[in-house]
Amino acid sequence: MVRRWGLDPALACLLVSLDLSAAEYLRCRGLGWPGIWIISGARDRPLAPALNPDEEPATESLHLTRPARAADLRVGNEPASLTDPSVWGFLGTLGERLGLRWGGRWDPPDWNHFDLGR
């Protein structure tokens, strides 16, 4: 994850912990977990607005730091935009407990965004 997506190693570790925590929580309730997948990590400045025109200004985005302090996720094979917000709420709450900042708290929400904060 660190090399492929250009992620900060601390972010990569927390995303692995997030996935494992979600899987364990649901397994204990007899439910399966399809896993989380990174769909965006480090971004180049010219590419960033095309990927997400509503994103905070390019100078503020944690996707633009090297290594990236932000990642966008999907759950299983479902496009992130089609994943129910309650699933993102579940992941967001878990992620916040682990120390991640979750974009679902923003206005407008960026449900699938997780980062290390500033």
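## A nonpolar surface patch

Met1, Val16 and Leu20 form a nonpolar patch on the surface, and together they have about 270 Å² of accessible area. Patch residues have over 30% relative accessible area and no salt bridge, and nonpolar side chains are joined within 5 Å. A salt bridge puts a side-chain nitrogen of Lys or Arg within 4 Å of a carboxyl oxygen of Asp or Glu. Areas come from the Shrake-Rupley method with a 1.4 Å probe.

Leu20 sits in helix α2 (residues 9-27). Helices are DSSP runs (H or I) of at least four residues, and strands (E) need at least two. Leu20 counts as exposed because its relative accessible area is 57%, and the cut-offs are over 50% for exposed and under 20% for buried.

## About the model

This is a predicted model: local features need pLDDT of at least 70, side-chain atom pairs count only at pLDDT 80 or more, and totals for chains, interfaces and linings use all residues. Residues are numbered from 1 along each chain, and side-chain values use heavy atoms, without hydrogens or water.

## His113

Strand β4 (residues 113-115) contains His113. Is His113 buried or exposed, and why? His113 is buried because its relative accessibility is 4%.

Leaving out residues up to four places away in sequence, His113 touches several others, including His63, Arg101 and Trp106. Contact means heavy atoms within 4.5 Å.

## Ser86

Ser86 belongs to helix α4 (residues 85-98). Its side chain makes a polar contact of 2.6 Å with that of Asp84. Ser86 and Trp111 are 25 residues apart in sequence, with 9.7 Å between their C-alpha atoms.

Note on methods
Polar contact = N/O pair within 3.5 Å; in protein donor to acceptor, adjacent residues only side chain to side chain. Patch = residues over 30% accessible without salt bridge, like charges linked within 9 Å, V, L, I, M, F, W, Y side chains within 5 Å. Buried < 20%, exposed > 50% of the residue type's maximum accessible area, 1.4 Å probe, protein only.
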